[in-house]
Amino acid sequence: MGGAKNKGEWWDWSESKIAVERALMYGEVVCTERRSWKRVYDLAERAVPDTLLHDDLDDAECLRRLVRLAGEALGVGTRADIADYHRLKGEQFDAVVAESGLVPVTVQGWDKPAWADPKALEATPRGRHRTTLLSPFDSLIWERARTERIFGFTHRLEAYVPKPKRIHGYFAMPLLAGGRLLGRVDPAREGSTLVARQVSLDSPKAVAPMAQALLEAASWVGCDTVRVERVDRPELTADLVRALT
């Protein structure tokens with residue numbers, strides 16, 4: 001694509017990058033994978049199954065499917081939650097939700113109407129939860145208002161916040177454990193060591209799952225040790241270090 005070129009303080013797309021992104025917007029090409037954050041493109045007719053590529057739908061049916069898919073992915077959500085999932089406007093959601101297959105529900109503690117996927121309502125709770133660090137861009141937490149409403153957890157990507165004003169770090173990753181968000185860590189890598197530059201823990205109960213998640217994260221990037229630099233609750237530092245050994 002010719003990469004990006006520097007026109008000033010910020011890096012801007014080159015002409016070739018602009019052209020292929022426009023083709024992506026219109027569905028002429030698709031992104032098939034990423035390599036070191038860079039998109040790999042291919043022609044849509046080579047990458048998308050023929051049954052999907054040539055599915056001739058009108059705008060209303062496309063909106064219905066997008067709303068239904070968002071509801072299925074979220075399980076339950078407000079108008080704003082479901083519309084935001086595919087970056088639709090509220091008016092677009094309103095126009096098709098009645099025919100989307102989602103059903104109106106009331107959620108305890110929510111002050112706005114909600115809709116749910118009928119299959120989610122019928123399903124038996126699994127009762128098993130993953131312990132892991134989440135990317136700041138994970139779809140579980142990318143909509144800030146929903147994250148606060150469901151988990152009581154305020155999360156903000158601080159990569160673009162001036163360093164003196166950061167609270168949790170440049171690329172803080174929330175800790176998911178037991179179906180809850182129990183803390184976060186700003187990680188870095190130094191050789192074969194994963195560095196927990198800043199760790200935030202909600203309570204002592206978060207120490208063990210944080211250690212488990214850090215060890216797993218170290219394996220993702222080929223590290224064999226973890227070093228803790230700072231914990232927001234200093235009295236838990238020794239416990240966390242012990243749990244990592």
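Visitor: Where is Thr193 found?

Guide: In this predicted model, Thr193 sits in strand S11.

Visitor: And is Thr193 buried or exposed?

Guide: The call rests on a cut-off: buried means under 20% relative accessible area. Thr193 comes out at 17%, so Thr193 counts as buried.

Visitor: What does the side chain of Thr193 make a polar contact with?

Guide: Its partner is the side chain of Thr225, at 2.9 Å. Leaving out residues up to four places away in sequence, Thr193 also touches Ala188, Cys223, Val226 and Arg227, along with Thr225 itself.

Visitor: How should I read a nonpolar core?

Guide: Start with the general idea: in soluble globular proteins, nonpolar side chains tend to be buried together. Here, the largest nonpolar core has 23 residues, and Leu133, Val199, Leu201, Met210, Leu214 and Leu240 have the most contacts inside it. Strands S9 (173-177), S11 (193-201) and S12 (225-228), plus helix H9 (207-220), each give two or more residues to this core.

Visitor: Which element gives the most to this core?

Guide: That's H9, with 7 residues.

Visitor: Let's zoom in on Leu214. What does Leu214 touch?

Guide: Skipping residues up to four places away in sequence, Leu214 touches Leu133, Val185, Leu194, Ala196, Val226 and Leu244.

Visitor: How many residues are in the second core?

Guide: That separate core has 12 residues, including Leu63, Ile82, Leu88 and Trp115.

Visitor: What does the domain assignment give?

Guide: Domain 1 (13-50), domain 2 (57-119) and domain 3 (130-242). Taken over C-alpha atoms, the centres of domain 1 and domain 3 are separated by 32 Å.

Note on methods:
Residues are numbered from 1 along each chain as its sequence is written. This is a predicted model: local features need pLDDT of at least 70, side-chain atom pairs count only at pLDDT 80 or more; totals for chains, interfaces and linings use all residues. Side-chain values use heavy atoms; hydrogens and water are left out. A nonpolar core is a set of buried Ala, Val, Leu, Ile, Met, Phe, Trp, Tyr and Cys residues joined through side-chain atoms within 4.5 Å. Buried means under 20% relative accessible area, exposed over 50%, partly exposed in between (1.4 Å probe, protein chains only). Helices (H or I, at least four residues) and strands (E, at least two) are DSSP runs, numbered from the N terminus. Contact means heavy atoms within 4.5 Å. Domain bounds come from an automatic or database domain assignment. A polar contact is a pair of N or O atoms within 3.5 Å; within protein, one must be able to donate a hydrogen and the other to accept it, and residues adjacent in sequence count only if both atoms are side-chain atoms.
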